[in-house]
Amino acid sequence: MSGIVVRAARPDEYEAIGELTLEAYHDVGETDQDYDDELRDTAARARDVPVLVAVDDASGTLLGSVTYVPGPGPWHEGEFGERASFRMLAVALGARGRGAGRRLVEACIARARADGRPGIGIYTRPFMTTAHRLYETFGFRRESRLDWEFAPGEWLWAYELDL
């Protein structure tokens, strides 16, 4: 994971972040095309909440991105109460396995702690098994009582981490 820096996204990166996010979600099996515009629209998220990027320290290459939601307010999933959350964690296809996703999750956890949040809640799709394994290494646990069927047969699984 050396050589990876996590920082705030810059406006000149928003379009690339949106395309990276869309490509990453489609690669792991996302089929909800109604979600594509939201995945692409980094600028809309960044107006309300922090968007973070992982970049290669030497080349500046964009490796991944995540949207950090500090708690109740825009982009917050109300089921998570006072917890922070993160959304749209994505790693570029060619950067997978380098630790960018791990560094982005670490950054969200650090921000939630700094914000005094009691924990972090996240939603993920059932087919995102690599992400599930990553979250579990941090101590996230499944909270099936908060799972959400947003369309017939289309589920979001809830995970939470106590801080």
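Let me start with a definition: contact, or touching, means heavy atoms within 4.5 Å. By that criterion, and leaving aside neighbours within four places in sequence, Glu149 is in contact with Glu154 and Trp155.

A word on the source of what you see. This is a predicted model, in which local features need pLDDT of at least 70 and side-chain atom pairs count only at pLDDT 80 or more, while totals for chains, interfaces and linings use all residues. Residues are numbered from 1 along each chain as its sequence is written, and side-chain values use heavy atoms, with hydrogens and water left out.

I return to Glu149, which lies in strand β7, residues 148–151. Helices (H or I, at least four residues) and strands (E, at least two) are DSSP runs, numbered from the N terminus. A polar atom of the Glu149 side chain lies 2.7 Å from the backbone nitrogen of Gly153. For a polar contact, the pair must be N or O atoms within 3.5 Å; within protein, one must be able to donate a hydrogen and the other to accept it, and residues adjacent in sequence count only if both atoms are side-chain atoms. Along the chain, Glu149 and Asp32 are 117 residues apart, and their C-alpha atoms are separated by 13 Å.

I turn now to the interior. In soluble globular proteins, nonpolar side chains tend to be buried together. A nonpolar core is here a set of buried Ala, Val, Leu, Ile, Met, Phe, Trp, Tyr and Cys residues joined through side-chain atoms within 4.5 Å. The largest such core has 48 residues, and the members that touch the most others are Phe86, Leu89, Val105, Ile120, Tyr135 and Phe140. At least two core residues each come from α1 (14–27), β2 (51–56), β3 (62–69), β4 (84–91), α4 (100–114), β5 (119–124), α5 (129–137) and β8 (154–162). Which element gives the largest share? That is α4, with seven residues. A second, separate core has five residues, including Phe80, Leu146, Leu156 and Ala158.

Beyond four places in sequence, its contacts include Ala84, Ser85, Phe86, Cys108, Phe140 and Tyr159.

Among the residues it touches beyond four places in sequence are Tyr68, Val69, Ala112 and Gly121. Ser85 also lies in β4, and its relative accessible area of 2% makes it buried. Outside its four-place neighbourhood, Ser85 touches Thr67, Tyr68, Val69, His76, Ile120 and Gly121.

Next, the backbone. Most residues other than glycine have a negative phi, and most peptide bonds are trans. Met88, in strand β4, is not a glycine, yet it has a positive phi of about 55°. Trp75, in the loop between β3 and β4, has a positive phi near 75°.

How do α4 and α5 pack? Their axes come within 11 Å and cross at roughly 50°, which makes α4 oblique to α5. Axes are lines fitted to C-alpha atoms, for helices over the stretch in contact, and angles run from 0 to 180 degrees between N-to-C directions. Angles under 35 degrees count as roughly parallel, over 145 as roughly antiparallel, 65 to 115 as roughly perpendicular, and the rest as oblique. Gly101, Arg102 and Val105 of α4 make the contact with Leu134, Tyr135 and Thr137 of α5.

Finally, Thr42, in helix α3, residues 42–48. Its relative accessibility is 1%, so it counts as buried. Where does its side chain find polar partners? It reaches the backbone oxygen of Tyr14 at 3.2 Å, and one of its polar atoms lies 3.3 Å from the backbone nitrogen of Gly18. Beyond four places in sequence, Thr42 touches Tyr14, Ile17, Gly18 and Val51.

Thank you; I would welcome your questions.

Definitions and conventions:
Buried means under 20% relative accessible area, exposed over 50%, partly exposed in between (1.4 Å probe, protein chains only).
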